Amino acid sequence: MAAKIDPATPATPPPQELLRLYRSMLLIRRFEEKAGQLYGMGLINGFCHLYIGQEAVVTGMQAMAEPADSCITSYRDHGHMLACGLDPKGVMAELTGRADGYSRGKGGSMHMFSREHRFYGGHGIVGAQVPLGIGLGFAHQYRGDGGVAHIYLGDGAVNQGQVYESFNMAALWKLPVVFVIENNLYAMGTASARHAAGDELCARGAAYGIPGERIDGMNVLSVRSAAARALAYARAGAGPFILEMMTYRFRGHSMSDPAKYRSKEEVSEMRDHHDPIDRLRQTLTDRGVIDEAGLKEIDRTIKACVAAAAEFAQASPEPAASELWTDVLTEA
């Protein structure tokens, strides 16, 4: 039987924390919108998976992270990097394949990395980041640094075999990891009901004694509260925890996906009534934290930051030809 945890939630965040959450989500949204524009202009090549609509998940999780924590995710990774505190200029430079990018222009959209910020990818193979993530959890446990590995995966990845091997090992060794399932209801173009048996993905760890919760991933305050519980559980040495974030991407799976498997009415309903940024904006104004003029000023500042990142990326040089031979493991 899965372990139990204290259902108590932390107090309502103070005004400055609410504003910080709002700025973080809005930065991700404006950054991704600009990335979509650059992709359309041919300045970003290859695949490009935008995080628009899912901003509350990583923002709420990172709000409760500790400095020693690590993060690993799949190829929809731009938002995660920004939420982890990486410079938008370096992220945009990597997207455009420039030398000043975080992977020196060789990783592109899907394979970004920053050891300095304890961000370990950006992985293009579905589910491949999960066993690597429990390796990060083992490292935290071995070093005794108090850190927890945040392992993000999509609803489609949950059906991969290596995910269950990872569940088993993480539970057996009581590793400090939190598995964050970003359930945006579609594995590429396949609805969850057609690819996943059972009602709740957060219950997939029950056979290993891993507790799980299903969370409203379109509400950053709900995510933040759940993150506090799950991270405290893992940090205390109790073992892994699963959070299933019910979220929704407003764009296609990637920039090349027309998303014809969803109706326009469905997308409009989610945009109009469940946008995580709009929901927090309403909370801010209802509580008198900020007025419309203040919100417009935040938006103006963030748009200027994103524009500067795009200009920086386009001015950055392409990687030198010699970079073809670096970071490549070869036999002697």
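Helix α2 is mostly covered in this predicted model, with nine of its nine residues buried (under 20% relative accessible area; over 50% is exposed, and values in between are partly exposed, with a 1.4 Å probe and protein chains only). The buried residues of α2 are E55, A56, V57, V58, T59, G60, M61, Q62 and A63. Helices (H or I, at least four residues) and strands (E, at least two) are DSSP runs, numbered from the N terminus. Residues are numbered from 1 along each chain as its sequence is written, and side-chain values use heavy atoms, without hydrogens and water. Because the model is predicted, local features need pLDDT of at least 70 and side-chain atom pairs count only at pLDDT 80 or more, whereas totals for chains, interfaces and linings use all residues.

Two packed helices are described by the angle between their axes and the distance between the axes. The axes of α1 (residues 15-40) and α2 (residues 55-63) come within 9 Å and cross at roughly 140°. α1 is therefore oblique to α2. Axes are lines fitted to C-alpha atoms, for helices over the stretch in contact, and angles run from 0 to 180 degrees between N-to-C directions; those under 35 degrees count as roughly parallel, over 145 as roughly antiparallel, 65 to 115 as roughly perpendicular and the rest as oblique. The crossing of α1 past α2 is right-handed, a term used if the near helix is turned clockwise from the far one by less than a right angle, with anticlockwise giving left-handed.

The search of the whole structure finds 17 salt bridges, each defined as a side-chain nitrogen of Lys or Arg within 4 Å of a carboxyl oxygen of Asp or Glu. One of them joins the side chains of E244 and R214 (3.2 Å, N to O). E244 lies in strand β7 and R214 in strand β6 (residues 212-216), so this pair ties together parts that are 30 residues apart in sequence. E244 is buried, at 0% relative accessibility, while R214 is partly exposed at 37%. Strand β6 also holds D216, whose side chain meets that of R279 in a salt bridge (3.1 Å, N to O). This pair links distant parts of the chain, 63 residues apart, with R279 in helix α10 (residues 276-286). Both partners are partly exposed, R279 at 28% and D216 at 32%.

R30, E33, D299 and K303 are linked in a network of salt bridges.

Helices α5 (129-143) and α6 (161-172) each supply at least two residues of the patch. Y142 lies in α5 and is exposed, at 69% relative accessibility.

Backbone features occur in several loops. The peptide bond from G121 to G122 is cis, with omega near 25°, and G122 is found between α4 (88-95) and α5. L185, which is not a glycine, has a positive phi of about 80°; this residue is found in the loop between β3 (177-183) and β4 (186-187).
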